[in-house]
Amino acid sequence: TRRRGAEAQTRAPARVSARAANDMFGLGQLRSPTWHVPMPFLTGEDRPDAALWREHLANRHRMGRELRARGVRDVPWSSFDRALGVAMTCFTFGLWIVSGAGTIAMFALGGAWTRAIVAAYAIASLFSARRFSQRVYDYCAALEVGERNGWDLIVKGDVDCARAAHIFCSHPHGLFCAGVSLNLILSRRGLDAVRARSIRLFVHSLLVSAFPVVKDWLRTLGFQPCTAVHMRRALDAGLNAAIVPGGVKEVVWSGRVDRERLYLKNVFGFCKLALQTGAPLVPVYTFGESLSVGPDWLPFFESRRRLSYLLDAPIRYLSLTQRWLLPFPNGRLVTVVGAPLAVGERTENPTRKQVGELHARYCAALLELIESTKEEAGYGSQVTELV
């Protein structure tokens, strides 16, 4: 007994000195590289005002516990369908990032044959655009990528797309719009919850019109250019639409560690579209989306924000490796679907007053949805503001 006590006393100072050394060099904060950034002192999560980022990390732990409780290992290959879904997601999001820059690089730095192939592909795409495939769409929705990877969907309103086409307005943009895509649009469970066969997501025109490979794949899944003409055409045809009102300007706000900011104060186009088509507006919010690719810890945020607004292109920290060191969003993403806002009969030429009134109603409904569900979603202390 005396020998064990002496050994314990010997080990205790060693543990204390090791802990002190780790704290001195920041090694005590190191995490597995399968997390966003293995060195928290770079991300600002230790700042007193980094409440949102700490809550995001707490939900990441919660997701791991929930998966273990279901007897599921938190690895992409825990099942064949999960591996296939993760591969599809990484392929899509990876191309989302590198396709445009890669094409420009090949055309600028490649040889004559490389340039000819790129040019021929671009010309051929103008005359033979890929069409939506319900069969491919249904197969991807059946993979249930969100649910299989620990994400969740909460439907609070009675949304019946079988009776009329709806406009799903998703917030925040994040980088990939992953929550609304994988918890609702490409999820059989999500589609059944709103009684829809499909929902067409409208994204930046370059993604579905110019960037090679990714545009063909996204068009196969029903993604379309986010223009008034394309959206009006889809809604008039009775198709459900999903848009991200904050657009590119909201991307630059993603990654802030203190609070959620949604770019919505001066966005009115989606309200005008709803009045013109008579389609109800459905607020959709995803908790965890804005930090799913990690914090934006680069300096000079205000200067970058202004330049991003000017160029209509986000200038922020970007990582190609998130969960499992793959381009798969990290964290527990919980998508909440609210009750639809009826807009009345079609009004071909709505007045500014009508658009403004609908916008005010929508903003109030969105904030109410977030506040009323944040405890259930696991983000009880989140503060949300419109910018």
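Which residue stands opposite V336 in β8? Hello everyone, that is where I'd like to start today. It is Y285.

A quick word on the ground rules. This is a predicted model, where local features need pLDDT of at least 70, side-chain atom pairs count only at pLDDT 80 or more, and totals for chains, interfaces and linings use all residues. Residues are numbered from 1 along each chain as its sequence is written, and side-chain values use heavy atoms, with hydrogens and water left out.

Let's stay with the sheet. Helices (H or I, at least four residues) and strands (E, at least two) are DSSP runs, numbered from the N terminus, and two strands pair if DSSP finds at least two bridges between them. In general, strands of a sheet pair through backbone hydrogen bonds, either parallel or antiparallel. Here, seven strands make an open sheet with mixed pairing, and the order is β1-β8-β7-β2-β5-β3-β4. At the edges sit β1 (152-155) and β4 (224-225), each pairing on one side only.

Now look at β8 and its partners. With β7 (residues 281-287), β8 (residues 334-337) pairs in the antiparallel sense over four bridges; V284 stands opposite V337 there. With β1, the pairing of β8 is parallel, again over four bridges, and D152 stands opposite V334. Both faces of β8 are covered: V334 and V336 on one side are buried, and so are T335 and V337 on the other. Buried, by the way, means under 20% relative accessible area, exposed over 50%, and partly exposed in between (1.4 Å probe, protein chains only).

The search runs on a 1 Å grid over the protein atoms alone: a cavity is a set of points where a 1.4 Å probe fits but cannot get out, a pocket is an open set with protein on both sides within 12 Å along at least five of seven lines, and lining residues have an atom within 4 Å of a point. Grid points are joined across faces, edges and corners, and a volume is the space filled by probe spheres set on the points.

The largest pocket holds about 1,100 Å³ of space. Its lining counts 38 residues, and H173, H204, V248, D312 and P314 lie nearest the centre. Elements giving two or more residues to that lining are α4 (80-109), β3 (200-203), α10 (205-209), α12 (228-236), α13 (247-251) and α14 (269-277). The largest share, five residues, comes from α14. For classes, Ala, Val, Leu, Ile, Met, Phe, Trp, Tyr, Cys and Pro count as nonpolar, Asp, Glu, Lys and Arg as charged, and the others, Gly among them, as polar. On that scheme the pocket lining has 25 nonpolar, nine polar and four charged residues.

How many cavities of 30 Å³ or more does the structure hold? There are two. The largest cavity has a volume of about 90 Å³, and its lining includes M88, W96, F176 and F223. Helix α4 gives the most to this lining, with five residues. By class, we get nine nonpolar, three polar and no charged residues. The second largest cavity, about 40 Å³, has Y285 in its lining, along with residues including L52, H56 and E260.

Let me finish with two single residues. D236 sits in helix α12 and is partly exposed, with a relative accessible area of 41%. Its contacts (heavy atoms within 4.5 Å), leaving aside neighbours within four places in sequence, are T277 and R346. The C-alpha atoms of D236 and T277 are separated by 7.0 Å, although the two are 41 residues apart along the chain. With the side chain of R346, the side chain of D236 makes a polar contact at 3.3 Å. A polar contact is a pair of N or O atoms within 3.5 Å; within protein, one must be able to donate a hydrogen and the other to accept it, and residues adjacent in sequence count only if both atoms are side-chain atoms.

Is R304, in contrast, buried or exposed? This residue of helix α15 (residues 301-311) counts as buried, at 9% relative accessibility. A polar atom of the R304 side chain lies 2.9 Å from the backbone oxygen of L298. Thanks, everyone!
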